[in-house]
Amino acid sequence: MTIHYPTLAAVVVAFIAAGLVVRIAHAIVHRVLDAIEIVGAENRAAVRARARQLTRALTVLSFGLAAVASVSLALSRLGVGEPQWDVRAIGRWALTHGVNLIVIGAGAFIVARTANLAVEHLQFKLARRHATTDLEWQRRATTLAGILSSLVTAAVGFVAVLMVLRELSIDVLPILTGAGIAGLAIGFGAQNLVRDVISGFFLILEDQVRLGDLVRINGVAGSIEQINLRTIMLRDAEGAVQVFPNGTITALANLSKQFSYAVVDVKVAYGENMDRVLGTLREIGAGIERDPSWSPLVLAPLDIVGIISLDAGMATVRVRQKTLPLNQGKVANELRRRIVTIFVTRGIRPFI
């Protein structure tokens with residue numbers, strides 16, 4: 001068998017060029033990573049993981065194109081004789097449409113990864129404008145990043161599918177026209193779906209809730225686990241996942257925006273000295289403020305609302321402690337523990 005040295009040299013050059021492209025791409029990606037400011041080891045690890053996925057995709061694309069070009073060149077140079085005309089035709093198709101399909105698929109993957117990397121960097125920059133202890137901005141940045149990533153991935157996938165159909169000689173105009181008519185029909189028939197999407201858009205735009213918020217939706221309390229344009233998912237106290245279409249939300253209470261209140265109701269007997277009871281509660285609040293384990297969670301002195309009800313021989317005294325978001329439950333439990341302990345020590349008859 002005769003060795004075609006020019007063909008072999010062209011194959012070697014194709015792979016050398018692919019290797020150079022990969023090295024240049026790696027250098028550019030690493031230089032960009034070194035140039036941008038990333039806060040925190042965890043954030044840096046996430047960004048570098050995305051960058052590794054991007055460089056692997058670039059490597060596969062470059063060497064894949066080199067391999068396809070080499071095979072096509074070999075078929076065109078070595079394919080002789082009548083029986084091999086079909087093989088050569090396949091090679092020509094692969095050299096044109098086949099390469100385009102590979103470029104479209106790999107390009108869509110690279111664009112999606114690059115966009116997600118940019119979204120993550122935007123998330124870190126948004127969070128960086130405020131302290132890491134500012135949970136409001138941290139949760140808002142996470143929510144926006146998740147929604148942007150989903151939208152970008154869906155848009156890139158849709159465009160890639162249309163380009164693949166065109167390469168397969170399938171006319172996409174009737175498909176788009178039919179999709180538009182079907183979408184219009186679905187819009188009229190699925191008004192609830194449209195209502196949910198519009199409600200979800202304004203819910204996100206107005207920053208009503210974020211991932212991780214403690215909320216009460218239509219009377220159901222829990223923490224937000226997922227926010228989409230159509231639905232909100234929260235996990236209640238029993239661990240069950242509750243799914244609410246955005247258009248059906250009639251009552252939404254965000255219990256963890258900017259600050260929270262740890263509210264405790266204390267029931268004491270009528271015979272107790274109320275001035276002594278209120279003074280003891282103030283001492284308990286001051287003790288929590290001085291405690292280094294709890295003072296970082298407390299934003300203001302204990303607020304004694306007062307006696308809110310009289311019933312069945314008991315007076316109900318309500319106190320509340322202003323806390324950082326999502327910490328009201330822990331502070332309320334600590335308040336109850338200290339109230340029981342000190343009331344028992346001082347002989348005050350509580351009914352908590």
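Me: In which helix is Arg338 found?
Reply: Arg338 lies in helix α8 (residues 328-346); helices are DSSP runs of H or I with at least four residues, numbered from the N terminus. This is a predicted model, in which local features need pLDDT of at least 70, side-chain atom pairs count only at pLDDT 80 or more, and totals for chains, interfaces and linings use all residues. Residues are numbered from 1 along each chain as its sequence is written, and side-chain values use heavy atoms, with hydrogens and water left out.

Me: Is Arg338 buried or exposed?
Reply: Arg338 is buried, because its relative accessible area is 15% (buried means under 20%, exposed over 50%, partly exposed in between, with a 1.4 Å probe and protein chains only).

Me: With which side chain does Arg338 make a polar contact?
Reply: The partner is the side chain of Glu334, at 2.6 Å. A polar contact is a pair of N or O atoms within 3.5 Å; within protein, one must be able to donate a hydrogen and the other to accept it, and residues adjacent in sequence count only if both atoms are side-chain atoms.

Me: Changing topic, which residues of α6 are buried?
Reply: Asp196, Gly200, Leu203 and Ile204 are buried in α6. Seen down the axis of α6, the buried residues fall within an arc of 90°, so they line one face of the helix; the arc is that of the directions from the helix axis to the C-beta atoms.

Me: And what does the opposite face carry?
Reply: The face of α6 turned away from the buried side carries the exposed residues Gln191 and Leu205.

Me: What comes just after α6?
Reply: Asp207 follows, with a positive phi of about 55°.

Conventions
Helix = DSSP H or I, 4+ residues; strand = E, 2+ residues; numbered from the N terminus.
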